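Good morning, and thank you for making time for this item. I would ask you to look at the sequence and the structure together as I speak.

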Amino acid sequence: MCRGLESLPITCLERAKELRALFGSLLQKSDHSNCGQSKKNDKLRLNEVNEPLKWRESFEKLLSSQNGLCLFRAFLVSEFSEENIAFYLACEDYRTSKPSKLASKAKKIYEEFICSDAPREVNLDHATKAITMENMQRPSLSCFNLAQAKIYTLMEKDCYPRFLKSSMYLDMTRRTG
């Protein structure tokens, strides 16, 4: 089992259940829109209820939604491939790092996700690993760009379509429309 993930599946799965309940209750509340609430609040509820439907428009829309990202992460945990989104998010965080922190953060990401004995090793080809290792000699904000792009494409082409067909996602969209 991956180091530090012992409690993660429970947390993500609990959050996924919370999301299902949230969208289900919002849908019920939006059915009673004439209960003295303002039209602005009703529109907000309607947008929240329809949020899961927007996730099927593109992988980018799924990732840009906090709720979508959480549910997708729970899905990946259930498929034992959560390291992909964890790596992607670590790279996103890395790009916002202060220059003084780049070397230490780069080393941590490399050791956790890329090196051959990494506890949460992502599926990268040899050439991408070699380029990333070379980039580690002078860590910059872009040193993981190639590896991150490969994992993004893997998730977009493989995991995302499976997510859209999963009972986790389909159950939620059935409640919303």
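Throughout, buried means under 20% relative accessible area, exposed over 50%, and partly exposed in between, with a 1.4 Å probe and protein chains only. Phe80 sits in the loop between helix H4 (66-78) and helix H5 (83-94). Although Phe80 is not a glycine, its phi is positive, at about 60°.

A word on the basis of these values. This is a predicted model, in which local features need pLDDT of at least 70 and side-chain atom pairs count only at pLDDT 80 or more, while totals for chains, interfaces and linings use all residues. Residues are numbered from 1 along each chain as its sequence is written, and side-chain values use heavy atoms, with hydrogens and water left out.

Now the overall architecture. The protein has 9 helices and 0 strands; these are DSSP runs numbered from the N terminus, helices being H or I of at least four residues and strands E of at least two. Of the 177 residues in the protein, 42% are buried. Taking contact as heavy atoms within 4.5 Å, residues 24 or more positions apart account for 65% of the contacts with a separation of 6 or more.

I turn to the interior. In soluble globular proteins, nonpolar side chains tend to be buried together. A nonpolar core here is a set of buried Ala, Val, Leu, Ile, Met, Phe, Trp, Tyr and Cys residues joined through side-chain atoms within 4.5 Å. The largest such core has 40 residues, and those with the most contacts inside it are Phe72, Phe87, Phe144 and Met155. Two or more residues of this core come from each of helix H3 (59-64), H4, H5, helix H6 (102-114), helix H8 (145-165) and helix H9 (167-176). Which residues does Met155 contact, leaving aside its neighbours within four places in sequence? They are Phe59, Phe72, Leu76, Asn84, Ile85, Tyr88, Tyr160 and Pro161.

Two of those partners lead to the aromatic rings. Rings of Phe, Tyr and Trp (its six-membered ring) pair if their centres lie within 6.5 Å; planes under 30 degrees apart count as stacked, over 60 as edge-to-face and the rest as tilted. By this rule there are 12 aromatic pairs. Phe59 and Phe72 form an edge-to-face pair, with 5.5 Å centre to centre and 75° between the planes. Phe59 lies in helix H3 and Phe72 in helix H4, so this pair ties together parts that are 13 residues apart in sequence. Phe59 counts as buried at 1% relative accessibility, and Phe72 counts as buried at 0%. Phe163 and Tyr169 make a tilted pair, at 5.2 Å centre to centre and 45° between the planes. Ring pairs also link a cluster that includes Trp55, Phe75, Tyr88 and Tyr152.

Finally, Thr132, which is placed in helix H7 (residues 126-135). Is Thr132 buried or exposed? Thr132 counts as buried, because its relative accessibility is 0%. The side chain of Thr132 reaches the backbone oxygen of Thr128 at 2.8 Å. Not counting residues up to four places away in sequence, Thr132 touches Tyr110, Ile114, Cys143, Phe144 and Ala147. Phe144 is also among the core residues with the most contacts inside the core.

Definitions and conventions: A polar contact is a pair of N or O atoms within 3.5 Å; within protein, one must be able to donate a hydrogen and the other to accept it, and residues adjacent in sequence count only if both atoms are side-chain atoms.
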